[in-house]
Amino acid sequence: MENFFDSYVFPWVVDIAIALAIFFVGKWVAKQLVKLTERLLRKAKVEEMLVNFVSSIVNVLLLLVVIIAALNHLGVDTTSLIALVGAAGLAIGLSLQDSLKNFAAGVMLVVFKPFREGDFVEVAGKAGVVEHIQIFNTIMRTGDNRELIIPNGAIYSDVITNYSARDTRRVDMVFGIGYDDDIRKAKQLLTEIIEADERVLKDPAPVVAVSELADSSVNFVVRPWVNSADYWAVLWDTTEAVKLRFDEEGISIPYPQMDVHLHKEEQGA
C-alpha cells in the first residue's frame with residue numbers, strides 16, 4: 001500500500017498541485033499583461049471601444065496558453081487539442097466571413113478615423129450624422145431622424161465623403177437669366193446678395209461669373225465660402241434672396257422651353 005501511494009498517488013498529487021499553480025500563476029500573469037496592454041493602448045490614444053475589444057482577445061489567448069501549459073504538465077496530449085482549436089477557429093472563420101470583414105473594417109475605421117461621432121458623412125450611398133462607431137457596424141441618423149445601421153465592411157470598401165472634416169465649405173449654386181436680360185445688372189445683383197450676407201467668408205473670396213450659354217438661359221455660378229455649420233442655411237437663404245431680388249428688378253429666371261414654328265405651304269390652283 002505504501003509503495004502504491006509513493007509510486008502513484010503522491011506523484012499525481014504533486015503534478016496536480018503544480019498544474020494548478022501553473023494555471024493560477026499564469027492566470028495572474030495574463031491579467032497583468034492584459035492591464036499592460038490596456039495602458040499602452042490608452043496611452044496611444046486608441047478608442048476605448050477598440051481597447052476593450054483587443055484586451056478581451058488578448059485575455060482569451062493568454063488563458064488558452066495557460067490552460068494548455070497546465071494540461072501539458074499533467075501529461076495530456078495537447079497536440080490534438082491545439083489542432084482541434086485550430087480547426088474550430090478555421091471553421092468559425094469561414095462561417096463568419098462577413099462578420100470578420102465587418103470587424104476588420106471597424107478596426108480600420110477606429111484606428112484611421114476617416115470620420116468621428118457627430119460628423120455628417122455620406123457612406124455606402126447613405127448620408128447622415130454618425131452617432132456610434134461599433135466593431136461590426138456604424139449607426140447613423142438621417143436628417144428626418146431615421147436610424148441607419150450600416151455594416152462597416154460596406155463603409156470601408158466604398159467612397160467616404162466627410163462633410164464635417166473641414167471647418168469651411170464652398171456653396172456651389174447656379175442661377176440662370178434670360179437672353180434678353182442685362183448680364184451686367186444680374187451679376188451686380190448676385191454680388192450684392194452675397195456680399196450682404198455676414199455668414200459668407202471674405203477669404204477665400206466668393207466667385208460670381210457667367211459659366212454657360214445654355215439652350216434657354218445664361219447661367220451664372222455663385223460660389224461663396226462659409227463655415228461648414230452655415231452651409232445649408234446660406235444655400236437656402238441665397239436661393240430665396242435671388243428669386244425675390246430678380247423679381248423686384250425685372251430679371252427673368254427662364255425655364256426650358258421649345259419654340260415650334262409651323263409653315264403652311266400654298267397649294268397651286
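Why does V29 count as partly exposed? V29 counts as partly exposed because its relative accessibility is 35%. Buried means under 20% relative accessible area, exposed over 50%, and partly exposed in between (1.4 Å probe, protein chains only).

## Basis of the model

This is a predicted model, in which local features need pLDDT of at least 70 and side-chain atom pairs count only at pLDDT 80 or more, while totals for chains, interfaces and linings use all residues. Residues are numbered from 1 along each chain as its sequence is written, and side-chain values use heavy atoms, with hydrogens and water left out.

## Helix α1 and its surface

V29 sits in helix α1, residues 2–43. Helices (H or I, at least four residues) and strands (E, at least two) are DSSP runs, numbered from the N terminus.

A salt bridge is a side-chain nitrogen of Lys or Arg within 4 Å of a carboxyl oxygen of Asp or Glu. R42 is partly exposed, at 37% relative accessibility.

The largest nonpolar core has 21 residues. V171, M173, I177, L190, V222 and F246 have the most contacts inside it. At least two residues of this core come from each of β7 (173–177), α6 (183–196), β9 (218–223) and α7 (231–249). A second, separate core has eleven residues, including L109, F115, L148 and I150. A nonpolar core is a set of buried Ala, Val, Leu, Ile, Met, Phe, Trp, Tyr and Cys residues joined through side-chain atoms within 4.5 Å.

V222 touches V171, D172, M173, F175, L190, I194, V207 and V208, leaving aside residues up to four places away in sequence. Contact here means heavy atoms within 4.5 Å.

## Salt bridges

The whole structure has eleven salt bridges. One of them joins R170 to D172, with the closest N and O atoms 2.7 Å apart. R170 is partly exposed at 35%, and D172 is partly exposed at 41%.

E192 pairs with R245, the closest N and O atoms being 2.8 Å apart. This pair links distant parts of the chain: E192 is in helix α6 and R245 in helix α7, 53 residues apart. Shared partners join K185, E192, R245 and E249 into one salt-bridge network.

## Aromatic pairs

There are five aromatic pairs. Rings of Phe, Tyr and Trp (its six-membered ring) pair if their centres lie within 6.5 Å; planes under 30 degrees apart count as stacked, over 60 as edge-to-face and the rest as tilted. F120 and Y163 have ring centres 5.4 Å apart and planes at 40 degrees, so the pair is tilted. F120 lies in strand β1 (residues 120–123) and Y163 in the loop between β5 (160–162) and β6 (168–170), so the pair ties together parts 43 residues apart in sequence.

Y231 and W232 form an edge-to-face pair, 5.1 Å centre to centre with 85 degrees between the planes. Y231 is buried at 12%, whereas W232 is partly exposed at 43%. Ring pairs link Y231, W232 and W236 into a cluster.
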